[in-house]
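This note goes through a single structure point by point, for a reader who is new to such models. Please keep the sequence and the 3D view at hand while reading.

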Amino acid sequence: MGLVIYIDMDYFFAACEEKRHPELKGRPLAVGTSDSADKLRGVVQTCNYEARKYGIRSGMPTLKAFQLYKDLQYVKADDAYYEEVSNAIMEYLSSLGFPLEKMSIDEAAIDVGDLGYGKANELAERIKEEIKQRLGLPCTIGISIGKVFAKMACDKAKPDGLLTLDEVHLHEFLKSTDVKKLPGVGSKSYEKLSAMGVKSIADIRNIDPLRLVDEFGSFGRELYALAGGIDESKVVSEERVLSISRERTLRGLEDQQKEIDSMLEVLSKEVIAELNKRKMEFGGVGVKVRYVDFSEKVRDRSLSYYSNSYDVLYSNAVSMIRELSRANKVRKIGVKAYRLGNMSGQKKLF
Ligand SMILES: [Mg+2]
């Protein structure tokens with residue numbers, strides 16, 4: 001069973017605005033649907049945590065928000081910009097090479113397979129750090145055995161948190177968490193469950209599953225399973241893994257070429273290890289170079305065969321990257337294996 005890492009950006013639209021207008025940071029800020037001139041007609045889409053301290057919430061009429069805090073800073077939502085930032089986040093997450101499901105503009109789930117809790121936790125820490133470094137945005141991450149529990153862990157750890165619900169903690173969590181926190185339990189279901197004596201999620205187990213199915217249909221079956229710590233919601237990736245890549249920043253040693261070569265060795269080994277783990281082969285090699293002025297160049301090369309060989313990956317990558325790194329000072333390099341196929345039964349491509 002694959003572990004799920006669930007990533008949810010914190011106060012996403014408002015965080016995007018804080019990022020490009022740092023002067024907005026630190027004071028209550030709302031992003032709303034209407035032009036600033038006409039703001040009192042609209043609704044708050046997102047607000048930062050400073051605004052939440054005053055009771056301001058998403059979905060609230062902007063007029064009400066201003067009543068709660070009269071000096072509220074206000075920005076009209078810029079969907080195209082948030083979409084762009086979202087794409088950058090999703091692109092980064094998919095570059096990790098695991099199946100990815102985009103849940104919304106600022107939420108995604110990745111299936112890290114049998115990585116184990118310890119490694120998944122390390123990976124999640126790295127993801128938080130990378131998103132903060134690259135995009136200047138905070139996020140919260142939950143880890144558990146399925147999408148539902150991973151999302152709940154994520155909700156609980158907000159903001160800027162990381163929470164793992166492993167088998168041990170999950171049990172305690174289900175006993176201590178109000179059933180209305182379960183995704184899918186709206187006010188109606190909540191009333192029904194309360195009437196059956198259910199308070200915590202685990203309490204659902206006290207009810208006859210047949211009665212649950214009577215009351216809630218197939219959702220009743222799901223409720224019963226979830227209450228018992230069984231989460232079968234899987235990550236459904238839109239496309240299978242298209243490439244596996246690794247990249248890293250150089251330390252800026254005296255001999256750049258030497259440093260690039262040895263880092264490329266490390267990165268190539270990591271890509272091969274990941275391919276082996278997935279029992280996959282590659283039919284294309286790509287490299288990326290980021291220069292000290294942050295401009296980037298990429299080179300791709302398709303092979304006439306599939307391979308899982310380190311030598312094939314490294315030799316192709318090193319020749320392309322030498323070409324790109326000869327003249328300019330390099331800050332970061334990346335290597336990618338693409339045109340992936342399963343190890344068994346691959347034939348020549350041409
Ligand atoms: Mg969010």
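1. Terms of exposure. A residue is called buried when its relative accessible area is under 20%, exposed when that area is over 50%, and partly exposed in between. The structure discussed here is a predicted model. Arginine 339, with a relative accessibility of 29%, therefore counts as partly exposed. This arginine is found in strand S12.

2. Tyrosine 11 sits in the loop between S1 and helix H1 (12–20). Its relative accessibility is 15%, so tyrosine 11 counts as buried.

3. The metal site. Which residues coordinate the magnesium ion? The ion is held by Asp8 (OD), Met9 (O) and Asp106 (OD), at 2.2 to 2.3 Å. Along the chain, these donors follow the spacing D-M-x96-D. Aspartate 8 belongs to strand S1 (residues 3–9), while aspartate 106 is in the loop between strand S5 (100–104) and strand S6 (107–113); the pair therefore ties together parts that are 98 residues apart in sequence. Aspartate 8 has a relative accessibility of 7% and so counts as buried. Aspartate 106, at 15%, counts as buried too.

4. Cysteines. A disulfide is a covalent bond between the sulfur atoms of two cysteines. How many disulfides does a search of the whole structure find? The search finds 0. Cysteine 16 is in no disulfide, and the nearest cysteine sulfur, that of cysteine 139, is 12 Å away. For cysteine 47, the closest cysteine sulfur is in cysteine 16, at 14 Å, which is too far for a bond, because a disulfide requires the two sulfur atoms to be within 2.5 Å. Cysteine 16 is buried, with a relative accessible area of 0%, and cysteine 47 is buried with a value of 0%.

5. Aromatic pairs. A pair of aromatic rings is described by the distance of the centres and the angle of the planes. The structure holds 7 aromatic pairs. In one of them, phenylalanine 12 and phenylalanine 13 have ring centres 5.9 Å apart and planes at 55°, so this pair is tilted. Phenylalanine 12 counts as buried at 3% relative accessibility, and phenylalanine 13 is buried at 14%. In another pair, the rings of tyrosine 310 and tyrosine 314 have centres 5.7 Å apart and planes at 15°, so the pair is stacked. Both tyrosines lie in helix H12 (residues 310–325), 4 residues apart, about one turn of the helix. One aromatic cluster is formed by Phe12, Phe13, Tyr81 and Tyr82.

6. The largest pocket. Its volume is about 1500 Å³, and 48 residues line it, of which Tyr92, Ser94, Ser95, Leu96 and Ser245 lie nearest its centre. Among the elements that give two or more residues to this lining are helix H4 (79–95), helix H5 (117–135) and strand S12 (330–342). H5 provides the largest share, 7 residues. By class, the lining of the largest pocket divides into 16 nonpolar, 9 polar and 23 charged residues.

7. The cavity. The count comes to 1 cavity of 30 Å³ or more. About 60 Å³ of space lies in the largest cavity. Its lining has 10 residues, and Gly2, Val4, Ile145, Ser233 and Lys234 lie nearest its centre. This lining consists of 4 nonpolar, 3 polar and 3 charged residues.

8. Loop details. The peptide bond from lysine 158 to proline 159 is cis, with omega near -10°. Proline 159 lies in the loop between helix H6 (147–157) and strand S8 (162–164). Leucine 137 has its place in the loop between H5 and strand S7 (139–144). Leucine 137 is buried, with a relative accessible area of 1%. Its C-alpha atom is separated by 34 Å from that of glutamate 222, 85 residues apart along the chain.

Methods:
Residues are numbered from 1 along each chain as its sequence is written. This is a predicted model: local features need pLDDT of at least 70, side-chain atom pairs count only at pLDDT 80 or more; totals for chains, interfaces and linings use all residues. Side-chain values use heavy atoms; hydrogens and water are left out. Donors are N, O and S atoms within 2.8 Å of the metal (3.2 Å for Na, K and Ca); water is not among the atoms, so sites may look incomplete. Buried means under 20% relative accessible area, exposed over 50%, partly exposed in between (1.4 Å probe, protein chains only). On a 1 Å grid over the protein atoms alone, a cavity is a set of points where a 1.4 Å probe fits but cannot get out, and a pocket is an open set with protein on both sides within 12 Å along at least five of seven lines; lining residues have an atom within 4 Å of a point. Grid points are joined across faces, edges and corners, and a volume is the space filled by probe spheres set on the points. Ala, Val, Leu, Ile, Met, Phe, Trp, Tyr, Cys and Pro count as nonpolar, Asp, Glu, Lys and Arg as charged, and the others, Gly among them, as polar. Rings of Phe, Tyr and Trp (its six-membered ring) pair if their centres lie within 6.5 Å; planes under 30 degrees apart count as stacked, over 60 as edge-to-face and the rest as tilted.
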